[in-house]
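Please look at the sequence and the 3D structure below. A short report on them follows.

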Amino acid sequence: MSARITREELAARIAQDIAEGSYVNLGIGAPTLVANYLPADQEIILHTENGLLGMGPAPDAAHVDPDLINAGKQAVTALDGAAFFHHADSFGMMRGGHLDVCVLGAFQVSETGDLANWSTGAPGAIPAVGGAMDLAIGAKAVYVMTDLLTKTGESKLVAECTYPLTGVGCVTRVYTDHAVFDVTPDGFAVREAFGDNTVESLSELTGLTLLHEFDTPPALPYDPAPAIPTEGT
């Protein structure tokens, strides 16, 4: 049995943990895949920091609108009732605590929930923080979507981040291709392991002491905001 799942499978797994009525920002890159797996019969409102609330899944090639893009310049769709607004208003939503969930990528996440996802600190690296700092401190729950290991085999879950921080103590849950981890006061807890991974094998891969949380019932780490009222309500 494989020890890893695909990015598409991971995006579908994250979508399962987003409650109806939630306002959600999907970060640039792999997190945008989550939009394709949200249940069609639930109202989950997607936000993109370049000024759209009510973003839908990616269009097929025949229905691409070059003027309709997300913050990563990827083609998106707009659902019925979607709203367009100024970039400053969008950041006000992010900083003002109006988002229930954001899903971000990461270079490193520490045992205390620190996030490093905008720079490796390498000489000459181009600063690329974007709105990640605003999302990390403004969203009620910060989900990280990432591979567990780098291309050279180092764990992205670490005791302490060595890259420049995006946010301190902000990460709620980490979704990786090997397992799902919760950030707890006592370190990382394995909520779900994929394939033939175990707490012991994951501890060996990460070099960390991991807690066992398989028997803990799933719980939302945030209270979803009320759904957008419809006409007449």
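Which strands does H1 lie across, and at about what angle does H1 run to E8? H1 lies across E5, E8, E10, E11 and E12, and runs at about 165° to E8. Axes are lines fitted to C-alpha atoms, for helices over the stretch in contact, and angles run from 0 to 180 degrees between N-to-C directions. Helices (H or I, at least four residues) and strands (E, at least two) are DSSP runs, numbered from the N terminus.

This is a predicted model, where local features need pLDDT of at least 70, side-chain atom pairs count only at pLDDT 80 or more, and totals for chains, interfaces and linings use all residues. Residues are numbered from 1 along each chain as its sequence is written, and side-chain values use heavy atoms, leaving out hydrogens and water.

**Confidence.** pLDDT is the predictor's confidence in each residue, from 0 to 100. The chain has a mean pLDDT of 90, and 92% of its residues reach 70 or more. Residues 228–233 stay under 50, and the model has 3 contacts for them beyond four places in sequence. Contact means heavy atoms within 4.5 Å. Where pLDDT is low, the predicted coordinates should not be read in detail.

**The sheet.** An open sheet is formed by 10 strands, in the order E4-E3-E2-E1-E5-E8-E10-E11-E12-E13, with mixed pairing. Its edge strands, E4 (77–84) and E13 (211–212), each pair on one side only. Two strands pair if DSSP finds at least two bridges between them.

| Strands | Sense | Bridges | A facing pair |
|---|---|---|---|
| E5 and E8 | parallel | 4 bridges | Val103 and Tyr143 |
| E12 and E13 | parallel | 2 bridges | Val190 and His212 |

H1 spans residues 7–16. Leu10, Ala11, Arg13, Ile14 and Ala15 of H1 are buried. Buried means under 20% relative accessible area, exposed over 50%, and partly exposed in between (1.4 Å probe, protein chains only). The cover over these H1 residues includes E5 (101–104), E8 (141–146), E10 (173–176), E11 (179–184) and E12 (187–193).

E8 is mostly covered, with 6 of its 6 residues buried. In a regular strand the side chains alternate between the two faces of the sheet. In E8, Ala141, Tyr143 and Met145 point one way, while Val142, Val144 and Thr146 point the other way.

**Cys102.** Strand E5 holds Cys102. Is Cys102 buried or exposed? Cys102 counts as buried because its relative accessibility is 0%. Beyond four places in sequence, Cys102 touches Asn25, Leu135, Ala139, Ala141, Val142 and Tyr143. Pro31 is 71 residues from Cys102 in sequence, yet their C-alpha atoms are 9.1 Å apart.

**Pocket and cavity.** On a 1 Å grid over the protein atoms alone, a cavity is a set of points where a 1.4 Å probe fits but cannot get out, and a pocket is an open set with protein on both sides within 12 Å along at least five of seven lines; lining residues have an atom within 4 Å of a point. The largest pocket holds about 720 Å³ of space. It is lined by 30 residues, and Ile28, Gly29, Gly105, Ala106 and Asn117 are the closest to its centre. H1, H3 (132–138) and E8 each supply at least two lining residues of the largest pocket.

The largest cavity has about 50 Å³ of space. Its lining residues include Asn25, Ile28, Thr48, Glu49 and Asn70.

Notes:
Grid points are joined across faces, edges and corners, and a volume is the space filled by probe spheres set on the points.
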